[in-house]
Amino acid sequence: MSDIKTVLDETPFQTAGPFLHIGCLPNAINIEGIFDTDLGVKPFANRDYDKFIKITGSVFDGNGKALDDIMLESWQSDENGVYSPECGFARFVPDTLTKKFNLYTLKPGFINDIDGKAQSPHILLSISSRGLNMTLNTRIYFEGDDLTSDPLLSIVRNSRNDVSSLVAKKIDEDIFLFDIFLQGDKETIFLDI
Amino acid sequence: MVEGLIKRNPKKHPQLNFPDYKSSCSRAPKNKKISFSSTSTEISGPVFNKNIIGKLDNDLTLNFSKNNTLPIGHKIIVFGRISDQFSNPIEGALIEIWQANAAGKYLHHNDNNTAPIDPNFAGCGRSITCSKGYYEFITIQPGPYPYPNRGIEWRPMHIHFSVFGKSFGQRLITQMYFEGDPLINSCPMVNSIPDEKAKQSLTSTLDTSRSNTQKLLSYKFDIILRGTNQTFFENRKEGL
C-alpha cells in the first residue's frame, strides 16, 4: 500500500534577465563587500590546479553573435565518477572582450549509475540569460572517450542522427572546445532534465 | 527502486519561443528538448553550507548601506516556504535574489534607464532555508521600470529568485511579483506561461500580520521545487 499524495505544480520559471550578475555574481560586476566570494568560482576548491582540464567556448545566438550577458553553471562528478554535494558545481560567464568562457575543472570519470548502467564522463551545463524564459540544459561529453554505450547519447542517436553538439573537441593537451549554438543549423541539443 | 524527478509540465512553464517577448526570438532554441529518465547527474546537486551566509546577506536594506544610511523606499519583508511537489519542506535550500531599487534602477552597467542609483542599495541578497523550509528577506519595494520590447513597455515590480534544492534537476530561476500590481497582466514574460494558475503562483500575497509588531508590510511567496518519484524496475521479483 502506498500513500496517494497530491502532486503540486512546480513554481514556473521566468527569465533571469540581463542583470542576473547582481544576485548571482556580484563581485564579477564590482558589487563588492556583500559576499566574500561569488558562488561556484572553483568547482573543486581543494584540488591542485595542475590536475584540471580547461573547457573553453562561446554561446552564439540565432544571429551568430557570441553572447556575454549570460550565466553558465556546471555540475559534475569527480575523476572517479562520484557526485558529492560539496564540490563539482561551477558558475561562470564569458569574457566581455573575447566572448569566451573558460571552465577549469577535473575531468569527470565514468559514472556507475543507480540502475546499473554506466554513463560516459560528462558535465551538465546550464545557460540562463535574458531572452531565455527558462534555463537551458545540455551536457558536455569529451572527444576521445568511449561514448558508444552512454544511455543518454543512445536516446539522442535514436531521435537525431548527430550527437556531435554534445561532444567537446580536444584542441590541445587537456584543453577542450565546446561552443553552444542557441539556434540555426548547428543548434545545440538541449535536454529536458 | 530508482528515484526519478517528476517530469516538467510544459503548460505550467513559459514557452521558450514567445515573440511578444522580443529577445526570445534570437535566443530560444527551435528544436524540441530531449526527454529522458533522471540519472544520478540530475538527481544529485550542490548543497551549500549555512556558514557561507553572512549576517546581513538577507537584509538588502543594510548589506550595502554606507554609514548606516538606509536606502530610499518602502521597506518590506519578503518571506515564504520552499517545498517539493509533495509539500515536503526543503531545508538548506539556497535562495539568491536580485532586484531594482525603489526608482526602478538596477546597479548594473547594462541598465540604461535614467532613474537614479541609490548609493545605499545594491539589490543583492541570499539566504538558506531553515528546517521547516522557510526563508526571509528584508528589502526595499522595487519600482517598475520601462524597457525596450515592442516599443517601450513596463516591467511590473518584481524580484528575481534563483533557488538550489538538493538536486541539480530542481534548480529554479524565476521572478516574484506583487499582489495588486496592474502591470502584471500585460507583461509578456508573465504571459509566456500558458496556464493561468501557474501565472498567478508567481504573485506574492500581502501579509499584514507583522505590520504592527515590526511596522513592516510583508509579502509571502512560497516556492515549489520538483519532487522525486520512486518507481519500480520492470524486472521486480515475482510475488510482489
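Reader: Let me start with one residue: is Phe190(A) buried or exposed?

Author: A residue is called buried if 20 or more other C-beta atoms lie within 10 Å of its own, exposed if 12 or fewer, and partly exposed in between, with C-beta atoms placed from the backbone. Phe190(A) has 23 other C-beta atoms within 10 Å, so Phe190(A) is buried. Before we go on, this is a predicted model, in which local features need pLDDT of at least 70 and side-chain atom pairs count only at pLDDT 80 or more, while totals for chains, interfaces and linings use all residues. Residues are numbered from 1 along each chain as its sequence is written, and chains are lettered from A and ligands numbered from 1 in the order in which they are written.

Reader: Where is the place of Phe190(A), and which residues does Phe190(A) touch?

Author: Helices (H or I, at least four residues) and strands (E, at least two) are DSSP runs, numbered from the N terminus. Phe190(A) lies in the loop between strand E12 (180–181) and E13 of chain A. Two residues are in contact if their C-beta atoms, placed from the backbone, lie within 7 Å. Leaving out residues up to four places away in sequence, Phe190(A) touches Leu136(A), Asn137(A), Thr138(A), Pro29(B) and Lys33(B).

Reader: In what sense do E13 of chain A and E2(B) pair?

Author: Strands of a sheet pair through backbone hydrogen bonds, either parallel or antiparallel. Two strands count as paired if DSSP finds at least two bridges between them. Here E13 (residues 191–192) of chain A and E2(B) pair in the parallel sense, over two bridges. Leu191(A) has Ile34(B) as its bridge partner.

Reader: How many residues does each chain bring to the contact?

Author: Chain B brings 67 residues and chain A brings 60 residues. On the chain B side, the elements that each supply at least two residues include strand E2 (34–35), helix H1 (40–43) and strand E10 (172–178). E10(B) gives the largest share, four residues. The chain B side divides into 30 nonpolar, 27 polar and 10 charged residues; Ala, Val, Leu, Ile, Met, Phe, Trp, Tyr, Cys and Pro count as nonpolar, Asp, Glu, Lys and Arg as charged, and the others, Gly among them, as polar.

Reader: What order do the eight strands of the open sheet in chain A follow?

Author: The order is E4-E3-E8-E9-E10-E11-E1-E5, with mixed pairing. E4 (89–92) and E5 (101–105) of chain A stand at the edges with a single partner strand each, so one side of each has no neighbour in the sheet. Within this sheet, E3 (residues 70–76) and E8 (residues 122–129) of chain A pair in the antiparallel sense over seven bridges, and Leu72(A) stands opposite Ile127(A).

Reader: Which residues touch the most other members of the largest nonpolar core?

Author: A nonpolar core is a set of buried Ala, Val, Leu, Ile, Met, Phe, Trp, Tyr and Cys residues joined through C-beta atoms within 7 Å. The largest has 96 residues, and Ile22(A), Met71(A), Leu72(A), Ala168(A), Ala93(B) and Val163(B) touch the most other members. E10(B) gives the most to this core, with five residues.

Reader: And how many helices and strands are there in chain B?

Author: Chain B has three helices and 14 strands. Of its 240 residues, 45% count as buried.
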